[in-house]
Amino acid sequence: QAEQPDIKNIPEILVKPSLGVVRISRDTIEYKIGNTLSPEIVKLEDVFRNFLGFNITENGRIFYNGKEVSFLLIDGDPVSISDYNIVSQHLHAKMFSSIEVIQQYQSNRFISISSTKNELAINLKMKKEFRGRFNTDLTVKLASPKGLYGMIEANRIGGQVKSIAVVDKNIYGNRTEVSNPSVLNNQEYKVSLISLLQHPFLLQTNLFKQSYLFNNAGHHVKMLHAFKLSSHTTFRIEAGKERSDLDFKEQQHINYFMGANNILNEKRNSKLNLSSENSYINFKFDHDRFKNNRGEYKLYFTHQALKQQLQDSIERDKKFLNYSWDDQRRKVMMFHGTEKYLIGKRYLLEIGFQAGFNNVYRLMQYNDIEKNELKILQKYLSTDIGLLFQKVKHSFHAGHRFVKEQRELSTECWKQYVFIEHQFRLNRSEEHTSELQ
């Protein structure tokens, strides 16, 4: 009889020697990755899938024992700003010697004053031979007919500068016309092209995409840079651009039998183009120079575009041309800054500022008969100054807040008020909040 592996039960975690748990200290558990990896483990994301307690969602979010991971650190330093997928999905697993699960991570240094939630973080420990070295991965996949997918991943992870860049290109399908001769009175398609002309929003349904969009192409570029300006100052940049083009062409020749000797011939040519684009760039600067001061500043820019164009020509005795056009664009900017000052050992002064705008444009046109154009610009401005102090398990936050907001086309809203907020923490996982304005 084969010898059974030794399994030890530890509160909230099951430890097996084969998983490589090398250290358990208070709220930190360290897993050793090892030098020899199985063939299915390539990226960091694959490591999490093979360790007990981890779960990866479809959009790349990482969960440990049912709790979402909020931060991915490299050698103790934060890298990403808003999305850590570029780290987990595009860094090679062999670059790291172990991972640390920090179950009670605190990004707020003034935790003794303000009541903040405990977050889950993962710290990745790099191998010395990969630090400060330029690393690249190239992936190429071919498919039939005429399908191509390529991706280049590059990174350089050093002590002062950490950089990751990814470029991928996808070309799928054969960009030629699809001929579909038919002698049937009733079409076999799930969605008629005429109904699409009358209701362009049907283009966004999954049913239509699965039935019609045979050809597509796209590319995706994203990058991340983290600069450690000093031991207490960091500056990070995230940027990316994603574009996809979906094309469909169809030619039909249909014979309608109207009687014994009466046949109606109809020719139809249909063309559809659906393109989407999403671009963004984010900046974050934070400093922690003095024992009583900490600052954080964020600047976000986003641009989104969606275009749908459908042309349909029908030829019987005469030739008729119908087309539909839908153009949507959105630009967003947001700035947020916060400074925190510790007064004595019990009081914390917070000064915050937020500003941004949301610009929406949409043009819908059906032939030359109907045309709808919409432009909306929304602006937002907010200032906040408050004083926090804590006594036992109670945290109090009092201050003044001013908000100026532009809504719809020409409506502006101002409001300012004094607020008092109270938080009571029963334990690490349960907290109650109340606010008076």
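Buried means under 20% relative accessible area, exposed means over 50%, and partly exposed lies in between, with a 1.4 Å probe and protein chains only. Leu148 has 37% relative accessibility, so it counts as partly exposed.

Some ground rules. This is a predicted model: local features need pLDDT of at least 70, side-chain atom pairs count only at pLDDT 80 or more, and totals for chains, interfaces and linings use all residues. Residues are numbered from 1 along each chain as its sequence is written, and side-chain values use heavy atoms, without hydrogens and water.

Back to Leu148. Leu148 sits in strand S12 (strands are DSSP runs of E, at least two residues, numbered from the N terminus). Leu148 also belongs to a nonpolar patch on the surface, with Leu138, Val140, Leu142, Ile152, Val167, Ile171 and Val221. Together they have about 740 Å² of accessible area. A patch like this takes residues with over 30% relative accessible area and no salt bridge, nonpolar side chains being joined within 5 Å. A salt bridge puts a side-chain nitrogen of Lys or Arg within 4 Å of a carboxyl oxygen of Asp or Glu.

Which strand gives the most to the patch? S11, with three residues. Strands S11 (134-143), S12 (147-157) and S13 (161-172) each supply at least two.

Now the inside. A cavity is a set of points on a 1 Å grid where a 1.4 Å probe fits but cannot get out; lining residues have an atom within 4 Å of a point. There is one cavity of 30 Å³ or more. The largest cavity holds about 70 Å³ of space. S15 brings the largest share of its lining, three residues. Asp77, Phe227 and Arg236 are among the lining residues.

Terms used:
On a 1 Å grid over the protein atoms alone, a cavity is a set of points where a 1.4 Å probe fits but cannot get out, and a pocket is an open set with protein on both sides within 12 Å along at least five of seven lines; lining residues have an atom within 4 Å of a point. Grid points are joined across faces, edges and corners, and a volume is the space filled by probe spheres set on the points. Helices (H or I, at least four residues) and strands (E, at least two) are DSSP runs, numbered from the N terminus. Patches are made of residues with over 30% relative accessible area and no salt bridge: like charges are joined within 9 Å, nonpolar side chains (Val, Leu, Ile, Met, Phe, Trp, Tyr) within 5 Å. Accessible areas come from the Shrake-Rupley method with a 1.4 Å probe; for residues, only the protein chains shown count as cover.
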